Structure formats: structure tokens, C-alpha cells
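Here are a few friendly notes to read alongside the model. Take them one at a time, and keep the view open as you go.

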Amino acid sequence: MTLPAGSHLPPLLQTLAIVAQPLKFLDACAAQHGDTFTLRVLGINSPPVVFFSNPQSIQSIFTTLSDSFEFGQVTHIFRPLVGNQSLIMQAGAQHQRQRQLLMPALHREQLYSQGNLICQLTRSRIEQWQTGASIFIRQEMAEISLQVILQVVFGLVPGERYERLRVLLSQLLEAITSPLYSTQFFFPVLQQNLGKQSPWGDFLHRQKEIDSLIFAEIAERRLASPSSEGSQDLSQRTDILSVLMMARDEQGEAMGDQELRDQLMTLLLLGHETTASGLTWAFYWIHRHPECLARLARELEAMGDTPDPVALSQLPYLNAVCKEALRVYPIALIAQPRKVKHAIALEGYEYEPGSVLVPCIYLAHRRAKTYKNPDQFQPERFLEQKFSPYEFFPFGGGNRSCIGMALSLFEMKLVLATVLSCYELQTNYDRPVRPSRRGITFVPPDQFRLSVSRKKSSRVLV
Ligand code: HEM
């Protein structure tokens, strides 16, 4: 079988190169081989892993060829965290059923009712910022994003259970980004419960505590009925858990408690760091480009002191800034790898079962034939031109595309607008940064901070 040309390094060295310096390695391969190249990056016995960045091939992978693939090469590492019934563990009809149940809850219009809550959560987090303070933006964004998940997705109200879950989840999410702690998820042999002091025992203990709080919340929600005093009828609630509890599949079946728990953990795991990272990049870029910041500030000013969140989310330049931030350094460098089930042809090559095809978001977004000055942050490009879903796809595409896209874009816009309406910030970091890996995302390095130069007194901080 002839494959597109690619690296001649031994598979082990290729694997190490992509793990240690993914951007550098991918850039070098694209410079040498163009849009499509073959690597062996899945260890010593790696099958061919073919990277694609031209829109025609991406379109075929996302559409006409979408039934020719298997998934799960990467997602199995999440199984202990999200559970067997999670959307990301499913294939075929079961995957489709779950997407149909989940997607209406995460639909753009469904989220509109949560806009004020997102703005309010942001304001209460940032109200302590003092003039002159140095703000660790990524950490602040992670905290806001976690609270959005707890209130908008889980539908929790602040109180004892909320606080306990907030602390436990943020500790777990922090722990799994540490290289040492996360190793156990990659190697099942390390998953040995040797008591609470052992890494796996510690994980199981934390998880048990989190699960008991989630199950208690679900049980309480099930008991709530219009007649029970002080509690709100499920059908009137707009948080995502309540909408999921009301959802029925084609057979009229609802999700059970375990399935609901698994989906909540999935939304938390995939929706938390990703959105926080996207926001951090947006802050980084606009503060490196004062002309973009000034244009955005003018657009926001024109909305008055108490803008409607839905109207904010429709502002064209704000939208362009968020998209451009997700283009230049996409949070996920690749969409999920697609393993070929039965032989297929693409771009004049035949791919045997077992080969792995990878839509490379990072290289597609940096493609000079698609984007003029691809390395530069220029939000205007999104006002001047419409890019196809095969040229710009930070959320992947096809039947595995991100189900949190509407939520994360809505959240990014509202958080960015709220912070900029309350403060003037400035960067102390004058060198360009390279993304650093954090869990499954690529973020500005920890040294990146913004300092508060002015609190805008005209804006109300709640
Ligand atoms: C800036 C923020 C985000 C980015 C860049 C992002 C990116 C992605 C990408 C690239 C994929 C793989 C798509 C593919 O293989 O074609 C994905 C899948 C997924 N994302 Fe996101 N995501 C973000 C936020 C979220 C949020 C907020 C949630 C949930 C609340 C979420 C939930 C999911 C789920 C459940 C999947 C798996 C879908 C499936 O397997 O059917 N993501 N995301």
C-alpha cells in the first residue's frame, strides 16, 4: 500500500517528537510534505497515522466517509473518569441516540436563558480585582468556567452541596492535569487500588465522594414536583441536567441515573479546561494587539451599561475575536483520530483497515492557501470572509463534532464582554508566547498575567 510521504524517523522517535513538541513537529512535517503526510506516532508498532489539512479531504472525512471509521483510540483514557455510559464511549446507533438526547439541551437558543447567570457569575468572581493587581487569567477563567458548568450544566444552586462539589471537582481537574497523576489513566496496569494513599486509591476515593453528591442531586431533582413545596418543577427548569432528565429517546426512554452522571462528568471534563483556555487565548491576543482591544471596547461601549446577553453574543467583532483566538492556537490541535474500518480511497490513496486518519485542526487553521498571513491575529478576516466548516473547525466536525460548541462560544463572548466592561487590563508580557500543554488543551504558559490598570466605575459590579 502506498501512503502519502512523511517522516522517516523510527516510530518511537516520531512518537516522542509529537508528545514533546507537537507544534514544532507538525509545522516541520507540513513544511516538508504539504497538506497530507504519514506519521507513525502511536508507539513502536504504530499503524500509519495520516494527517490532513486541506479542506477537500477534511470534508470527505467529516461527511461522505464518516461511516468508515471507528473511534476510541484516544477516548479510552477518559473511561475511568466519565464512565461506560458516557457519550464519548459509544459507537454507532447508541452514540447517535445519546447525541440526539444531549444536543437539544446544548442548543444555542436553549442557552439564551442562561446568559444573565453567566454574566453574573463572571462579575461576582472578578469584583475583588484591585487596581494594580496581577491577574492569573487562566486560573480565573478556569474558576468561572467551573462555576458555569456547576450552575448552567448541573443546575446547582450555591449552598453546601455546591461548595463541596466545586472544591472536589476543581481539585480532581487540577490533579488530572499533572503529568504524574495522569499517567495512571494511560496505563491500566497502574490502576491498582492500594489504599487511599496510592494514586489510584486516591482517585477512586475522590470519585466516590463526587458521585455521591451528584447522585444526591439527581435524586432530589427527581423527587421535585410542582406539589412539593419550595422546589421547582423539572419541566420549568432550564439547566442542562433538568433538560436531560426530561429528554426521551425514540422509544420514549429517559436516561437512568448512571447515564446522567456519566454525561455530566463528560460535559465537565470536555467543557471546563477547553472553554477556559479559549478565553485565556482571547485575553492574550487582544492585549497583544491594542488596536483590536480598542475596536472591541468601542463595540462593547455602544451597548450601554446593562447590555442584553443575547445581543452581546451577536456582536460581530466580539464574535470575530473569539473565532480568531480559536483559529490561531486551537485548543485541540486535532479532531479525534479516525481508525479506518474497511478499505477506503481518498486523494488517490487507498487506506487499509487499521490506518488512522487525523483531521489536523492546527495545520488547517495555519494553511497559507486558506488564510492570508496565517500566523497573525487578525479578527477582521472573519468579518471579511466566510470560512467553510472544513477550513475553520476548532470544534471538529461530522458525527463526532463538539456538542458544547454553542455553550463555549456563548460563554466566551459573555465572559470577555463582562470583564472588559468592568476593567482595563494590560499585559506585562512583551514576548510572544508558545502554547504549553495542559491536560488535553494547549494554553498560554503560566507566566502569562494581565494587570488591572483601571476599574471602570461606570459599570455595575454585582
Ligand atoms: C473552546 C471550547 C471547546 C473546544 C475548542 C472543543 C473542541 C472539541 C473537539 C475538537 C472535539 C472533537 C470533535 C471531532 O472529533 O470531530 C470535541 C468533542 C466534544 N466536546 Fe468539545 N470543545 C469545547 C468545549 C466543549 C464544551 C463546553 C463541552 C460541553 C459542555 C464539550 C463537549 C464535548 C463532547 C461531549 C465531545 C464529544 C462528542 C462526541 O464524541 O460525539 N466541548 N470538542
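1. How do the residues of the shell around the ligand divide into nonpolar, polar and charged? There are 12 nonpolar, 12 polar and two charged residues. Here Ala, Val, Leu, Ile, Met, Phe, Trp, Tyr, Cys and Pro count as nonpolar, Asp, Glu, Lys and Arg as charged, and the others, Gly among them, as polar.

2. A word on the source: this is a predicted model, where local features need pLDDT of at least 70, side-chain atom pairs count only at pLDDT 80 or more, and totals for chains, interfaces and linings use all residues. Residues are numbered from 1 along each chain as its sequence is written.

3. Back to the ligand: 26 residues are around it, and Gly271, Gln336, Gly396, Cys402 and Gly404 come nearest. A residue is near a molecule if its C-beta atom, placed from the backbone, lies within 6 Å of it. Helix H13 (257–288) gives the most to this shell, with seven residues, and helix H19 (405–422) supplies at least two. Helices (H or I, at least four residues) and strands (E, at least two) are DSSP runs, numbered from the N terminus.

4. Now look for an open sheet of three strands, in the order E4-E12-E9 with antiparallel pairing. Its edge strands, E4 (134–135) and E9 (423–427), each pair on one side only. Two strands pair if DSSP finds at least two bridges between them. Two bridges link E4 to E12 (residues 450–455), and Ser134 stands opposite Ser451 in E12.

5. Finally, strand E1 (residues 36–39) runs antiparallel to strand E2 (residues 49–52), joined by four bridges. Thr38 has Val50 in E2 as its bridge partner.

Terms used: A residue is buried if 20 or more other C-beta atoms lie within 10 Å of its own, exposed if 12 or fewer, and partly exposed in between; C-beta atoms are placed from the backbone.
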